[in-house]
Amino acid sequence: MTTTAIPTGEKRATAPTTKRRTRRERQGAAWVFLSPWVLGACVLTLLPMAVSLYLSFTDYNLFDPPHWVGLRNYTQMFTEDPRYWRSVTTTLMYVVIAVPLQLALALVVALALKSMKRGKAFYRSAFYAPSLLGASMSIALVWRAVFNDGGTVDNLFGTGGWVNKPGWALLAVALLTVWQFGAPMVIFLAGLQQIPAELYEAAAVDGAGTWRQFLSVTVPMLSPVLFFNLVLQTIQAFQVFTPAFAVSAGKGGPADSTLVYTMYLYDRGFVASHMGYASAMAWVLLLVIGVVTAVLFRTSRSWVFYASEGDR
């Protein structure tokens with residue numbers, strides 16, 4: 001029986017070819033599994049975004065073909081529409097009120113849950129439940145009834161219906177968002193559980209009390225989680241719609257005090273049938289959220305502490 005030896009040169013030549021073939025097969029399998037997501041992203045996200053960008057430069061009423069008007073929608077938005085600027089002011093006020101209150105309440109409850117010995121799982125689920133229910137229209141309508149004339153708040157405090165007072169209506173909307181603190185609370189709780197107990201023991205040995213331990217240990221070690229929640233909740237706050245729509249009965253009242261940006265966008269696009277103008281508003285909102293997010297990331301270098309990278 002004779003065996004034919006394969007020259008060494010052929011072995012070396014076929015090895016890279018085999019590796020390339022294996023790499024291509026793996027890449028092909030990866031694209032097969034990714035294809036549903038890629039197709040969905042293109043058809044349901046990228047394509048509508050491109051169409052929306054085009055419509056923002058047109059006069060389009062949902063029924064007739066779009067008519068190109070260039071930058072007219074943008075110039076009208078910034079120079080000729082006072083109600084647009086009221087929606088911007090209302091949204092900024094809402095973000096400033098709702099986001100800090102929600103994060104503060106979420107952190108307080110997370111600290112309380114962390115120190116609990118029994119029933120932690122039950123209370124964690126109970127506090128998280130409003131985050132699952134609060135975005136629904138039914139809960140928002142119940143919230144409107146609570147803060148309306150003759151509602152629970154009026155009966156308890158005699159302050160009248162908040163939703164009918166321009167100075168209080170936006171606060172009622174913000175409190176509905178604050179009530180949905182479950183999601184950031186769970187994230188805070190996970191972050192608190194990752195802080196080494198040795199840090200608190202060392203701080204106690206140095207004579208630090210509870211408040212000093214919170215400022216010198218908890219806040220720095222929790223700053224990445226705090227930053228994550230801040231970015232996430234800020235982005236969501238700029239896009240608030242359902243609470244304001246339900247509390248104001250879809251009108252943004254009283255006196256446009258709850259006319260947030262997305263509600264005015266809805267009004268321009270689907271009530272007044274100015275879809276080109278609404279598309280321009282949507283792109284301005286996207287740019288503003290991008291700028292605010294970039295600013296948050298930029299400023300985070302001075303207060304977010306990453307243990308693996310040392311003091312930033």
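**Figure 1. Trp-143, Phe-147, Trp-162, Trp-168 and Trp-179 make up one aromatic cluster.** The model is predicted, so local features require pLDDT of at least 70 and side-chain atom pairs pLDDT 80 or more, whereas totals for chains, interfaces and linings use all residues. Residues are numbered from 1 along each chain as its sequence is written, and side-chain values use heavy atoms, with hydrogens and water left out. The structure holds 20 aromatic pairs. One of these is formed by Trp-143 and Trp-179, whose rings are tilted, at 5.7 Å centre to centre and 35° between the planes. Rings of Phe, Tyr and Trp (its six-membered ring) pair if their centres lie within 6.5 Å; planes under 30 degrees apart count as stacked, over 60 as edge-to-face and the rest as tilted. The pair links distant parts of the chain, 36 residues apart: Trp-143 belongs to helix H5 (residues 137-146) and Trp-179 to helix H7 (residues 169-179). Helices (H or I, at least four residues) and strands (E, at least two) are DSSP runs, numbered from the N terminus. Trp-143 is buried, at 15% relative accessible area, while Trp-179 is partly exposed, at 30%. Buried denotes under 20% relative accessible area, exposed over 50%, and partly exposed in between (1.4 Å probe, protein chains only).

**Figure 2. Helix H3 (residues 82-114) packs with helix H4 (residues 120-133).** The angle is about 165° and the axes are 10 Å apart, which makes H3 roughly antiparallel to H4. Axes are lines fitted to C-alpha atoms, for helices over the stretch in contact, and angles run from 0 to 180 degrees between N-to-C directions. Angles under 35 degrees count as roughly parallel, over 145 as roughly antiparallel, 65 to 115 as roughly perpendicular and the rest as oblique. The crossing of H3 and H4 is right-handed; the term applies if the near helix is turned clockwise from the far one by less than a right angle, and left-handed if anticlockwise. Val-109, Leu-113 and Lys-114 of H3 meet Lys-120, Tyr-123, Arg-124 and Phe-127 of H4. Contact requires heavy atoms within 4.5 Å. Four of the contact residues are nonpolar, none polar and three charged. Ala, Val, Leu, Ile, Met, Phe, Trp, Tyr, Cys and Pro count as nonpolar, Asp, Glu, Lys and Arg as charged, and the others, Gly among them, as polar.

**Figure 3. Helix H12 (residues 261-271) crosses helix H13 (residues 275-299) at roughly 155°.** Their axes come within 7 Å, and H12 and H13 are roughly antiparallel to each other. The crossing is left-handed. Among the residues that meet are Tyr-261, Leu-265 and Phe-270 in H12 and Met-275, Met-281 and Leu-285 in H13. The contact of H12 with H13 comprises 11 nonpolar, two polar and one charged residues.

**Figure 4. The loop between helix H11 (242-247) and H12 holds Ser-257.** Pro-254 also lies in the loop between H11 and H12, and a cis peptide bond joins Gly-253 to Pro-254, with omega about 0°. Asp-256, in the loop between H11 and H12, has a positive phi near 60° although the residue is other than glycine. Asp-256 is buried at 13% relative accessible area, and Ser-257 is buried at 11%. Leaving aside neighbours within four places in sequence, Ser-257 contacts Thr-90, Pro-166, Ala-169, Leu-170 and Gly-252.
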